[in-house]
Amino acid sequence: MGKKAKAVHVAVDFPSSQGKSSNNQIYITNEDNNTVSVVDGVTDELITTINVGRQPVNVNGNSSTNRIYVTNKGDDTVSVIDAGTNTVIGIIPVGGQPSGVGINPYMDRVYITNAGSDTVSVIDGSTNIVVATIPVETHPINVDVHPYINRIYVANKFKNTVSVIDGLTNTIMATVPVGDQPNDIGTNLSNNRIYVANKNSHTVSVIDAGTNTVIGIVPVMEQPSVIDINKGNNQIHVTNEENSIVSVIDGATNIVIATLPVGDQSPYTITDA
């Protein structure tokens with residue numbers, strides 16, 4: 001068996017020319033030393049290191065408010081970073097073993113999957129207060145948001161389902177069966193489809209966001225773990241942890257059009273914005 005590649009989650013502040021923040025900074029969680037590294041997106045140089053909670057495992061940013069949210073698995077909190085000053089401006093208690101971070105920039109809502117308590121915490125971004133706690137299914141590991149229709153999609157790793165949450169009412173509107181151990185989830189706004197990496201069945205499930213039904217199952221390589229969607233070219237990139245391979249799926253056809261070797265123990269950099 002070959003060496004496994006690791007997945008690294010980062011959040012990116014894009015340049016103002018793309019309608020986002022002017023900082024162009026990259027935020028990377030360092031689980032082993034309880035910090036977040038901030039890297040200059042132009043020079044790739046380290047700008048600063050920010051102390052956060054214990055075992056930071058995931059990060060995402062709201063470009064509308066210029067805030068970065070970090071899930072701290074070891075102490076059941078979320079650290080809020082001001083991207084303008086790169087300082088922690090809030091620490092929010094959430095559920096057990098917080099993992100994924102999803103953001104609706106239009107509503108200024110942040111969604112945290114709590115893998116240890118089988119819930120999703122809903123944070124009001126303007127007050128940094130948890131305004132709702134939503135029960136989902138077993139071990140919610142990751143989350144993504146469709147901001148146009150205000151729906152939240154949660155991958156329940158040990159139930160093999162995706163919970164669909166109505167962002168207006170904070171209630172479950174559908175539960176969609178997917179493959180074995182869904183590990184990550186991504187929303188493709190260009191075609192209104194949701195992509196789910198099923199780690200143990202080596203597939204990607206494709207969900208129609210209009211009907212909340214699976215309309216395709218795409219075979220990939222072993223242990224697909226992280227999904228990134230390029231909205232510009234309608235391609236879905238899937239990291240296959242066991243093989244150190246990235247599968248590239250054509251969003252129009254749901255067919256793998258390329259496999260990209262990244263090398264043993266190379267970190268996969270998946271950007272969320």
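1. In which order do the four strands of the open sheet follow one another? The order is S21-S22-S23-S24, with antiparallel pairing. Helices (H or I, at least four residues) and strands (E, at least two) are DSSP runs, numbered from the N terminus, and two strands pair if DSSP finds at least two bridges between them.

2. A word on what you are looking at. This is a predicted model, in which local features need pLDDT of at least 70 and side-chain atom pairs count only at pLDDT 80 or more, while totals for chains, interfaces and linings use all residues. Residues are numbered from 1 along each chain as its sequence is written, and side-chain values use heavy atoms, with hydrogens and water left out.

3. Back to the sheet. S23 and S24 pair in the antiparallel sense over six bridges, and in this pairing Val 246 stands opposite Leu 260 in S24.

4. Next, the charged pairs. The structure holds two salt bridges, a salt bridge being a side-chain nitrogen of Lys or Arg within 4 Å of a carboxyl oxygen of Asp or Glu. One of them joins Arg 109 to Asp 124, with the closest N and O atoms 3.5 Å apart. Arg 109 lies in strand S10 (residues 109-114) and Asp 124 in strand S11 (residues 119-124), so the pair ties together parts that are 15 residues apart in sequence. Buried means under 20% relative accessible area, exposed over 50%, and partly exposed in between (1.4 Å probe, protein chains only). Arg 109 is partly exposed at 25%, whereas Asp 124 is buried at 13%.

5. Glu 241 forms a salt bridge with Lys 199, and here the closest N and O atoms are 3.4 Å apart. This pair links distant parts of the chain, 42 residues apart: Glu 241 sits in the loop between strand S22 (235-240) and strand S23 (245-250), and Lys 199 in the loop between strand S18 (193-198) and strand S19 (203-208). Both Glu 241 and Lys 199 are buried.

6. Finally, have a look at two loop residues. Most residues other than glycine have a negative phi. Asn 128, however, has a positive phi, near 60°. Asn 128 lies in the loop between S11 and strand S12 (129-135) and is buried, with 18% relative accessibility. Asn 212 also has a positive phi, near 55°. Its place is the loop between S19 and strand S20 (213-219), and Asn 212 is buried at 13% relative accessible area.
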